[in-house]
Amino acid sequence: MSLLLRGARALDRLASGAGQLLGWFTLAMALLQSAVVILRYVFHGGSVALQDAVIYLHGSAFMLGLAYALHAGAHVRVDVFYRRMGPRGKAWVNAVGTLVFLLPLCAFICVGSWQFAANSWAVLESSSSAGGLPGVFLLKSLIPLSALTLALAGLAEFARALTQLMHQTTSTNPPPAPAAIPSHNIEEASA
């Protein structure tokens, strides 16, 4: 059981670190977008490379932020029934939801996007705009990578739910007390 929690904590640290990095991506994206607006409306110019950088950062923050959102509990959840459940019910919903919905969805996205990203890598796809940034193939690689990181965050969620269920089971069903030894057997054993 401690192995499950250690694994979940390691995956949580990975998601938390990615979330902090994505925070910096978001700040850079806001600053670059401000620069694009200032260049366009103040100096009547522009930069396609800056616009592409904003798109790349936005795509990175969105795709890699999926795992962090699951880790932080910031994902969309229909709480009509969930909020009324106890810890054991919530653990069941999290465990079953991860196994039945999240992990198959991650596998579907990863398998479905793998060839899309591979084709982009084969030609080292770059921006179709003149003066745009190269490396569109790197951006497209984030699709299967986001599915992988989301699956890892889902495994951490599943490990926590499973640990919760195992802990609840052992704490609600304490081991039976040892059978009382009749006093006459104690006297016979000591003689």
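**Figure 1. Pockets, and the second largest one in close-up.** A pocket here is an open set of points on a 1 Å grid over the protein atoms alone, with protein on both sides within 12 Å along at least five of seven lines, whereas a cavity is a set of points where a 1.4 Å probe fits but cannot get out; lining residues have an atom within 4 Å of a point. Grid points are joined across faces, edges and corners, and a volume is the space filled by probe spheres set on the points. With that settled, the second largest pocket holds about 170 Å³ of space. A quick word on what you're looking at: this is a predicted model, where local features need pLDDT of at least 70 and side-chain atom pairs count only at pLDDT 80 or more, while totals for chains, interfaces and linings use all residues. Residues are numbered from 1 along each chain as its sequence is written, and side-chain values use heavy atoms, with hydrogens and water left out.

Which residues line the second largest pocket? They are Leu11, Leu14, Ala15, Ala18, Leu21, Leu22, Leu64, Ala67, Tyr68, Thr149, Leu152 and Ala153. At least two lining residues come from each of α1 (2-41), α2 (48-72) and α5 (136-172), and α1 has the largest share, with six. By class, the lining has 11 nonpolar residues, one polar and no charged ones. (Ala, Val, Leu, Ile, Met, Phe, Trp, Tyr, Cys and Pro count as nonpolar, Asp, Glu, Lys and Arg as charged, and the others, Gly among them, as polar.)

**Figure 2. The whole chain, for orientation.** The secondary structure comes to six helices and zero strands, so the elements, taken as DSSP runs (H or I for helices, at least four residues; E for strands, at least two) and numbered from the N terminus, read α-α-α-α-α-α. Of the 191 residues in the chain, 27% are buried. Buried means under 20% relative accessible area, exposed over 50%, and partly exposed in between, with a 1.4 Å probe and protein chains only.

**Figure 3. The largest nonpolar core.** Seven residues make up this core: Ala67, Leu70, Leu102, Cys106, Leu150, Ala151 and Ala153. The elements that give two or more residues to this core are α2, α4 (87-122) and α5, and α5 gives the most, with three. For the record, a nonpolar core is a set of buried Ala, Val, Leu, Ile, Met, Phe, Trp, Tyr and Cys residues joined through side-chain atoms within 4.5 Å.

Figure 4. A disulfide is a covalent bond between the sulfur atoms of two cysteines. The search counts a pair of cysteine sulfur atoms within 2.5 Å, and over the whole structure it finds zero disulfides. Cys106 is in none, with the nearest cysteine sulfur, that of Cys110, 8.7 Å away. As for accessibility, Cys106 counts as buried at 4%, while Cys110 is partly exposed at 25%.

**Figure 5. Glu157 and what sits around it.** Glu157 lies in helix α5. Is Glu157 buried or exposed? At 13% relative accessibility, Glu157 counts as buried. The side chain of Glu157 makes a polar contact with the side chain of Asn94, at 3.4 Å. (A polar contact is a pair of N or O atoms within 3.5 Å; within protein, one must be able to donate a hydrogen and the other to accept it, and residues adjacent in sequence count only if both atoms are side-chain atoms.) Ala8, in helix α1, is 149 residues from Glu157 in sequence but 7.2 Å from it in space, C-alpha to C-alpha. Ala8 is buried too, at 3% relative accessibility.

Figure 6. Ala72 lies in helix α2 and counts as partly exposed at 45%. Its C-alpha is 9.2 Å from that of Asp12, 60 residues away along the chain. Ser16, in helix α1, is partly exposed at 26%.

**Figure 7. Two loop residues with positive phi.** Most residues other than glycine have a negative phi. His44, in the loop between α1 and α2, has a positive phi near 55° and is exposed, at 70% relative accessibility. Leu124, in the loop between α4 and α5, has a positive phi near 50°.
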